[in-house]
Amino acid sequence: MDTEYQSDIEFDESSEVQIVTYRTLINLVKANPVLYEKHHKGYNKRSDKLLMWNRIGISLIPPMTEKEFYRLRQKFGKERRKVLQSQPRSGASGNDVSYKSNWILYNDLMFLADHIQPRQ
């Protein structure tokens with residue numbers, strides 16, 4: 001089975017408890033900008049970031065790691081691209097309908113919007 005498809009299924013069928021856990025993970029990461037802001041002075045200190053990820057991981061039940069947040073971040077990036085690509089261009093007709101993400105964690109991860117740069 002395709003991994004991308006499999007992860008989308010897991011997100012779509014998340015239980016309420018898992019969604020609360022994901023939101024807790026998101027809030028813990030949001031409180032530590034060194035984990036996602038590339039211009040933060042400690043961003044390149046791998047040992048400090050690893051220690052922070054370990055603290056975050058053990059504070060959650062079930063324990064979660066950088067890998068789970070990476071999956072959430074990737075999903076957010078895909079949803080964000082869909083939203084941005086569907087926005088009408090200047091001079092386009094007003095009949096175009098823009099995409100609105102229905103993913104339950106999309107708004108929780110909006111703090112990453114300024115930190116994710118689209119590939120050229």
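Helices α2 and α4 are roughly perpendicular to each other (angles of 65 to 115 degrees count as such), because they pack at an angle of about 95°. The model is predicted: local features need pLDDT of at least 70, side-chain atom pairs count only at pLDDT 80 or more, and totals for chains, interfaces and linings use all residues. Residues are numbered from 1 along each chain as its sequence is written, and side-chain values use heavy atoms, with hydrogens and water left out.

**Packing of α2 and α4**
- The axes of α2 and α4, lines fitted to C-alpha atoms over the stretch in contact, are 11 Å apart.
- From α2, Y22, L25, I26 and V29 meet E68, F69, R71 and L72 of α4.
- The residues of this contact comprise 6 nonpolar, no polar and 2 charged.

- Apart from neighbours within four places in sequence, V29 is in contact (heavy atoms within 4.5 Å) with L35, Y36, W53, I56 and F69.

**Confidence**
- The protein chain averages a pLDDT (the predictor's confidence in each residue, from 0 to 100) of 84, and 82% of the residues score at least 70.
- Residues 1-7 have a pLDDT below 50, and this stretch has 3 contacts in the model beyond near neighbours in sequence.
- Where pLDDT is low, the predicted coordinates should not be read in detail.

Conventions:
Axes fitted to C-alpha atoms, helices over the stretch in contact; angles between N-to-C directions. Helix = DSSP H or I, 4+ residues; strand = E, 2+ residues; numbered from the N terminus. Parallel < 35°, antiparallel > 145°, perpendicular 65-115°, else oblique. Nonpolar A, V, L, I, M, F, W, Y, C, P; charged D, E, K, R; others polar.
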